Amino acid sequence: MHNYNRKLIYLIAILVIYVSCFVGFIFYSVTNFAFTDFYKRLDLRRNIAAEKFLNSKSASQADQWSLDFIENLNNQHEFLVEFDSNGTILRSQGFHQELWDKINKKGSSNFKSGNQFYSTKYFSQNGRKYIVGASAENYFYTHHLAYLRNLLIISLILGILFIFVVSVFMKRSFLKPILTMMKEVQKIGSENLYKRLDEDKYKGELHGLALTFNRMLTRLETSFETQKNFISNASHELNTPLTSIIGQADLALSKERTTAEYQRTLFKIIESAEHLEKKTKALLLLARTGFVNNATAFSPVRIDQIVMDAELTVKAINDKFKIITDFSLLPDDSMRLKVNGNAILLQLALSNIISNACKYSSDRTAYIALGALDNKVFILIKDKGIGIPSRELDHIYDPYFRASNTSGIDGYGIGLPLARNIIKLHGGTLKVNSVVSEGTTVEIELPTYLRF
């Protein structure tokens, strides 16, 4: 922010310098023109005065016309000075001798003394030396240029003030939404990753920035939840076969047994260990998204294949779960089932929802239907379980939230928020409708890879 203020100060300084230089250039140009033009007019009157003083008897008709009709300048005077070869004034007419040192005795000269402008020229006639000159007050310089100077100074001050006010206003207009966004971002930490910036509050590029930041938060939250999901599933699903293995080993060692009894116990332990191995592989598959670097790389994937893979994963974790899938709504064109997504993430989301449907149903059965409509693929996952109280439906996406009627059923409240975030990452929607003691239906819609 300090860097931004420094740049703003530099910008204001550059604008002030530019405006000052522009005003100075205008004043210099007008002043230079006023001097040059006035000296030309004064030279003309000096030459006419020379004709009058030195050649009055032979002045032509044109010169006489000029003497009679050229308008005199303000406070105009003509003068004549006769001097010798030593520069000593012999006689003068209308001349102030204090100006003698400023005059070029061998040519022309223009100079200014006070408000009076002078034009002089050397003449030689009959062996005698003369300086003929004309002087006048430059009314444009003494009055109009002074007015122009004051006008430009006032304009410069007002311009600088305007630049300063506009800069401060623009600074506040630009920085206020950024500061507001910074305050919102500072409130988001690892303990409340579910919070998001209010995108509607910001306009233009800041709206895009807030949207991008929210998407990044969704990816981060999904990554965190994936790891938590693995831990919760592992602690629940691995506990049963481990307990079985330990119990059978303890039972076998509790007393002396026959060889046949030891063999039967070892076979049961091997069977439980193999079951444990299958569950471990399935759980690692679910957790893989949290550890693979390019897990969020998207590509065209078929949603029906992902549904079937999710079924296999859920059954591998718990072989008591039953899944009934309805493929009657599938479109004839298989391209309508393709979405742009990450197969592992989508499988993780569907596995969590299907697993929840089985877990909260008394018959451990989940019903799945999928199809395509317009430019969307829809998936319905339904169960006939305990349902969710209507007053608690607004909280089902909060991490670690569990409905009040789930006591006695293992769970950590992570799977559904994780699934919702994954669907959002794919530009889709997830809706939950539930009635207590009748069951829950999860509706998922995903945009197709191609537009139809």
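**View 1. The crossing of helices α8 and α9 is left-handed.** Left-handed here means that the near helix is turned anticlockwise from the far one by less than a right angle. In this predicted model, local features need pLDDT of at least 70 and side-chain atom pairs count only at pLDDT 80 or more, while totals for chains, interfaces and linings use all residues. Residues are numbered from 1 along each chain as its sequence is written, and side-chain values use heavy atoms, leaving out hydrogens and water. Helix α8 spans residues 343-359 and helix α9 residues 415-425; helices are DSSP runs of H or I with at least four residues, numbered from the N terminus. Their axes lie 9 Å apart, at an angle of about 145 degrees (lines fitted to C-alpha atoms over the stretch in contact, with angles from 0 to 180 degrees between N-to-C directions).

**View 2. Here is where α8 and α9 meet.** From α8 come residues including Leu345, Leu346, Ala349 and Ile353. Their partners in α9 include Leu416, Ala419, Ile422 and Ile423. Contact means heavy atoms within 4.5 Å.

**View 3. Ile154, Leu158, Leu161, Phe164 and Val165 make a nonpolar surface patch.** The patch covers about 500 Å² (Shrake-Rupley method, 1.4 Å probe, with only the protein chains shown as cover for residues). Its residues have over 30% relative accessible area and no salt bridge, with nonpolar side chains joined within 5 Å; a salt bridge puts a side-chain nitrogen of Lys or Arg within 4 Å of a carboxyl oxygen of Asp or Glu.

**View 4. Take a look at valine 165 in helix α3, residues 139-186.** Valine 165 counts as partly exposed because its relative accessibility is 47%, where buried is under 20%, exposed over 50% and partly exposed in between.

Methods. Patch = residues over 30% accessible without salt bridge, like charges linked within 9 Å, V, L, I, M, F, W, Y side chains within 5 Å. Helix = DSSP H or I, 4+ residues; strand = E, 2+ residues; numbered from the N terminus. Buried < 20%, exposed > 50% of the residue type's maximum accessible area, 1.4 Å probe, protein only.
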